[in-house]
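This briefing accompanies the structure displayed below.

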There are 4 protein chains.
Amino acid sequence: MIGGGQGAFIGAVHRLAAALDGQYELVAGAFSSNAETSRASGQLLGLAPGRVYGSYQEMLAQEQARPEAERVQVISIVTPNHVHFAPARLALESGFDVVLDKPLTFSLAEARELAAVVAATGRRLCLTHTYTGYPMVKEARALVASGQLGRIRKVYVEYPQGWLSRLEEGSENKQAAWRTDPARSGVAGAMGDIGTHAFNLLEYVTGLQVEQLCADIHTVVPGRLLDDDGAVLLRLSGAASGVLVATQVAAGEENNLRLRVYGELGGLDWQQADANTLLVKWPDRPAEIRRTGAAYLSTAARHNARTPAGHPEGYLEAFANIYRNFALTLQAELAGQPPAPEALDFPGIEEGVRGMAFIETVIASGRSAAKWTELSV
Amino acid sequence: MIGGGQGAFIGAVHRLAAALDGQYELVAGAFSSNAETSRASGQLLGLAPGRVYGSYQEMLAQEQARPEAERVQVISIVTPNHVHFAPARLALESGFDVVLDKPLTFSLAEARELAAVVAATGRRLCLTHTYTGYPMVKEARALVASGQLGRIRKVYVEYPQGWLSRLEEGSENKQAAWRTDPARSGVAGAMGDIGTHAFNLLEYVTGLQVEQLCADIHTVVPGRLLDDDGAVLLRLSGAASGVLVATQVAAGEENNLRLRVYGELGGLDWQQADANTLLVKWPDRPAEIRRTGAAYLSTAARHNARTPAGHPEGYLEAFANIYRNFALTLQAELAGQPPAPEALDFPGIEEGVRGMAFIETVIASGRSAAKWTELSV
Amino acid sequence: MIGGGQGAFIGAVHRLAAALDGQYELVAGAFSSNAETSRASGQLLGLAPGRVYGSYQEMLAQEQARPEAERVQVISIVTPNHVHFAPARLALESGFDVVLDKPLTFSLAEARELAAVVAATGRRLCLTHTYTGYPMVKEARALVASGQLGRIRKVYVEYPQGWLSRLEEGSENKQAAWRTDPARSGVAGAMGDIGTHAFNLLEYVTGLQVEQLCADIHTVVPGRLLDDDGAVLLRLSGAASGVLVATQVAAGEENNLRLRVYGELGGLDWQQADANTLLVKWPDRPAEIRRTGAAYLSTAARHNARTPAGHPEGYLEAFANIYRNFALTLQAELAGQPPAPEALDFPGIEEGVRGMAFIETVIASGRSAAKWTELSV
Amino acid sequence: MIGGGQGAFIGAVHRLAAALDGQYELVAGAFSSNAETSRASGQLLGLAPGRVYGSYQEMLAQEQARPEAERVQVISIVTPNHVHFAPARLALESGFDVVLDKPLTFSLAEARELAAVVAATGRRLCLTHTYTGYPMVKEARALVASGQLGRIRKVYVEYPQGWLSRLEEGSENKQAAWRTDPARSGVAGAMGDIGTHAFNLLEYVTGLQVEQLCADIHTVVPGRLLDDDGAVLLRLSGAASGVLVATQVAAGEENNLRLRVYGELGGLDWQQADANTLLVKWPDRPAEIRRTGAAYLSTAARHNARTPAGHPEGYLEAFANIYRNFALTLQAELAGQPPAPEALDFPGIEEGVRGMAFIETVIASGRSAAKWTELSV
């Protein structure tokens, strides 16, 4: 693991998610750019001292030098955005498969370059867009793909948070500090942090691509350096249209990502706050409540759940599904077999590049007087 | 009553709403432009045959000719949009107070002219924007006005329906026929029918005004002549911003108007599908569930409910609140007293003119390549 | 109307419910046993002074003496329980049809006697068990009757309120005063006030009858004279069993009557707090959300709604359905025609007698050391 | 681990729960009474073959024989009920701490004996009553303990399942087979499987004890050998009363354990289907929505969550909390320190004995003609 030292949020989540299904064991880490912090973090995590490193360069070099059976197989990179590209490239070029926290990179240019590295090295890259890991999001995607909703016409995705409704920068809130810092987060704040999740969810479930957008981007809290709020009109492939909302100043909101999709024949509605439910709505008959763990669900939904209906699975399980599917893919390849379709169902470099294109396009549109801006990778 | 003959939807709703609190008695009507239909409708409603008229002109003339104590006092106009202006003007000029279904008129020009008539005649006009009649919408408005949410930053209003997700025009659906006909509905379809409700709700609760907007307007169903779907980015007074969504092609949706408002200090969330609940959200303490009928509510919310908490009040009660407040206002004036603030709380000519400005602006923006269009009355 | 003077709760509800559909006009009343209060109440309601009476005896006598076309047709009795029997008997014997608030009488003995009066006079009696008036309760009953749930095995009904969680007796709360007074309420408090509603709902929806019960009855608040809380195990016809809970000391609860019924093949779940939804659950496929106003509903559900899906109907509409169906029945009979099945769907004398049997049996069981007590009418 | 071989449900859950927080490593197992199945299961789990045993006796003997640093520390027993007591006693007497799936034993007599073994050996025993591991259940307990609800008056706990609404015995459903078999499950079916969870949750949150009960117990599905349904009236310490419902024949229900508690001053409502929410209700002010991960929660609630508010935690996390707290307790003791109060917060031998007393008492009451039966350990 690269990053994720003491006090980090997402690093701990990665560790929990990787541990859940027993597919991964944490054996080495460069947990901080500060060598002392890295050692202390490694010790807390019970790692062998010799495999806690002072820098990711050191880790990658020394692990590569170990006998194949004794070295790490997958590198998880859980650093702030500005430290994604370099360690990811080095890890790939050192022969490791990589799990990378989103967004893919600091900029679209880096993203394109990383895509070339992935292609050149032939290694696997997994991008942790958590929300696509939920069983009922899988069900939603399968439902759209089945054609039962007809051609998709409208898509609404929203991601309201409230935790940045005050100026947290300068406080002890480490998360707030880097996520609102252009030098570490990139060109976008809220749009990079959560807007890109909403964008990914929307494209994943519908199978459509955003082609043009019209963004209204705000920095609501005085003193903040990046956007903390935005709303975006969308034009999608297949003549669909939609709206994407992402805000971190909706005071009192937690983290309730929600997606609604309407086709010619019916609609679907999923929200993280009730993650084990997918509502499916029809014009002429009662709406259906589909539930995680039920036997009537699609293969994809059933593959990504662990317990029978009525045992709530949550955020960590969704996260773990991404890790698990990635492991199943790597294991199949190690065994010389083609991975199963269920295993290959994790976000990767393509989603990462599109995510970065979204971020740069939405910020550009926000600054533009033109109504519509093309999104192209 | 003008309009509302057999088979009409909103005419029946007006009658139920007016009857509920016993403040109105239906005594005369011109229920259809077809004299025969009017007579038949009047008979079904149990009216004296002599007070069922073949046209609104006839009704207004003959009622005006009756002794003051024996003539109608209030004229309800529940016709399609293209028959709002002329009867409203004539009724006002004939000395009657008027209840008018929304939107105010067929065009903004007519709306402005009607405003002048109201001013000139000194009669009262009440516009039935139903949704502002809900007790918990009153509570929402009182909460914003109290300042407890701080300065308002974000507003989201949405009105998803699915009943026009297929081409209903040409079927027996009388509602679909006129609402999608430019000759009867006006320049807008969904935006006039339900977008204007969403707009009114938003301005009513926040006390802010939409100043600029950026609209993406669609006619999704092939063969339809007016818009059936739209999304609008909003810039409001007080440096707030927002999103308005109105669609009639969200297959499977009923009628779930929803408003969310976020200020510096907290937020609120109301939706018609759970109309007796107002969620109030705070960053640092548990969200509150405020409920119709509770003793802790604002004066406005309590005034507009009839039963203790736990006895659901619905759409007809909300509609009836508008009629009731209008009646209380007219009764006070008849008694030579100033109406109470609670009585004066009904939508009127000003809301009507703003609604028509919204309709014309949103359609213009939809056709414009410019990002932002000014909304001015 | 008998009873329902100033400050009464249920009298006002009866007036709103009767007015809603325009089938009733309030023309006469004996609103209080205090003649002065009666006159004042009548004046407030806009009645002709000559038809506001000082006692129900006076009203019934004088109305009966009027020409048939000019006298009241239906007598609504909305007094406390101890003043149900005498005016109901007199009204029936004076040739009037009667609407009576529940429970039917002060005692089972009175109930049986009243049943004999109904049979002897041939007049109609309608008992306002409001909750059976909800459209989705009608749907629930139709669903059970259709056999789609299979044989019914389990029934859970609960009616939690919190308004008597403190000793309100002696305060200004007029409702609390008589409902907790054995001299006016009868042998039971909560069980008579709300337990009887739960009992009626359960028998109405399932079509089963409670045959034996085992009750645990409490007076929780010190100083109270009647029960304010109870739970009851039920044995029903058809080998079904169930639980009935009714309490008025569930501090913080409003009025959320809820019924769940499970058969061999599926289950249903309805609650007043979300009155326009009926959940229907199946073992092998997604649960369904059935909604008031939808076209796919049973005839009974559609007959008892006024607006399309998505326009919430509430408590007053449910109450009004009972009044409306009673009116439709009386109108059919006046026209010499058999009432339609939908019209005959209102609670009457039989439900009233069973309700009184429930009340007396449940209180007896609460005092008994025996486990099971027979319920017989 | 003892039990939990291929096809077992709860064994897999124990492994996921133990793995989540990285406090346990699975190193040895006797996964089945069939040695071959045990070996195959161990292989699938990636264990060293030398530590996969053919019987629990063999495992305990051989592990005890290993050097202290190399042997297992905690034994998880996840077998059917009839194989709880013997391995638990042997494990304790062999010097191991034990995690045991509920119910504690096959009979109350065994439970009392096991309690004596725990006392004699001084080892720790942890009983996995999962539902008390939820953060918002912790919050509920803390709220009651704080006295803010006043003296507790009423408790309602219900556990409706539908998975045994048909005769699953004889099908491939391994879970159904042993849970309905008196030889493996014990004297009770549903009451032992889920009733005991409901009982534990109720006593845990309220801090009260059930003193007397009156049970109505059914075997609803023809051909079944044990109860599959029951309802129980409760008398608790502190003059409280309540109702417990547990059924496995509520066709269409999943697993929605729910607890409601009402005191003199307010009430609380928690259900597993919305596990991250605790509703707190008050008579005179809005109900509160308390949420997992929020900063305003009690120490206990915060200790048992891993992610900030808005990241749903579920069943596995609740299960993991029990494992984690047990680990923290053992670690403290290993370090010679007193465990923190948060660490000691897991169910143990006392809860286990009370659970077995509940099971035997509730079945006895079901067979008794007496209304009330004493519950004594």
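**Domains and overall form of chain A**

Chain A is divided into domain 1 (10–128) and domain 2 (151–263 + 349–367), the bounds being those of an automatic or database domain assignment. The model is predicted: local features need pLDDT of at least 70 and side-chain atom pairs count only at pLDDT 80 or more, whereas totals for chains, interfaces and linings use all residues. Residues are numbered from 1 along each chain as its sequence is written, while chains are lettered from A and ligands numbered from 1 in the order in which they are written.

- Chain A contains 12 helices and 12 strands; these are DSSP runs numbered from the N terminus, with helices (H or I) of at least four residues and strands (E) of at least two.
- Along the principal axes, the C-alpha atoms of chain A fill a box of roughly 65 × 50 × 40 Å.
- Of the 377 residues in chain A, 60% are buried. A residue is buried if 20 or more other C-beta atoms lie within 10 Å of its own, exposed if 12 or fewer do, and partly exposed in between, with C-beta atoms placed from the backbone.
- Among contacts in chain A with a separation of 6 or more, 67% are between residues 24 or more positions apart; a contact requires C-beta atoms, placed from the backbone, to lie within 7 Å.

**Contact between the domains of chain A**

- The centres of domain 1 of chain A and domain 2 of chain A, taken over C-alpha atoms, are separated by 26 Å.
- Their contact draws 17 residues from domain 1 of chain A and 16 residues from domain 2 of chain A.
- On the domain 1 side, helix H5 (108–121) and strand E3 (125–127) of chain A each give two or more residues, and H5(A) has the largest share with 6 residues.
- That side of domain 1 of chain A divides into 11 nonpolar, 4 polar and 2 charged residues. Here Ala, Val, Leu, Ile, Met, Phe, Trp, Tyr, Cys and Pro count as nonpolar, Asp, Glu, Lys and Arg as charged, and the others, Gly among them, as polar.

**Relation and contact of chains C and D**

- Chain D is superposed on chain C by a rotation of 180° with 0.0 Å of shift along its axis (RMSD 0.0 Å), which is the relation of a two-fold axis. The superposition is by least squares on the C-alpha atoms of residues with pLDDT of at least 70 in both copies.
- Lys371(D) is the residue of chain D that comes closest to the rotation axis, with its C-alpha at 2.1 Å.
- The copies meet through the same surface, because 100% of the interface residues of chain D are also interface residues in chain C.
- The contact takes 34 residues from chain D and 34 residues from chain C.
- On the chain D side, two or more residues come from each of strands E4 (152–160), E5 (210–218), E6 (229–236), E7 (241–247) and E8 (258–263) of chain D. E7(D) gives the most, with 4 residues.
- The side of chain D that touches chain C comprises 17 nonpolar, 9 polar and 8 charged residues.

**Contact of chains A and B, and the nonpolar core**

- Chain A and chain B each contribute 34 residues to their contact, and E7(A) supplies the largest share of the chain A side, 4 residues.
- The largest nonpolar core has 488 residues, and those with the most contacts inside it are Val243(B), Val243(C) and Val243(D). Such a core is a set of buried Ala, Val, Leu, Ile, Met, Phe, Trp, Tyr and Cys residues joined through C-beta atoms within 7 Å.
- Leaving aside neighbours within four places in sequence, Val243(B) contacts residues including Ala231(A), Val243(A), Val245(A) and Tyr156(B).

**Local features of chain C**

- Lys138(C) lies in helix H6 (residues 135–146) of chain C and counts as buried because it has 28 C-beta neighbours inside 10 Å.
- Not counting residues up to four places away in sequence, Lys138(C) touches Ser298(C), Ala300(C), Ala301(C) and Asn304(C).
- In helix H4 (residues 85–93) of chain C, the buried residues include Phe85(C), Leu90(C) and Leu92(C); the elements covering the buried residues of H4(C) include helix H3 (56–65) and helix H5 (108–121) of chain C.

Terms used: Two residues are in contact if their C-beta atoms, placed from the backbone, lie within 7 Å.
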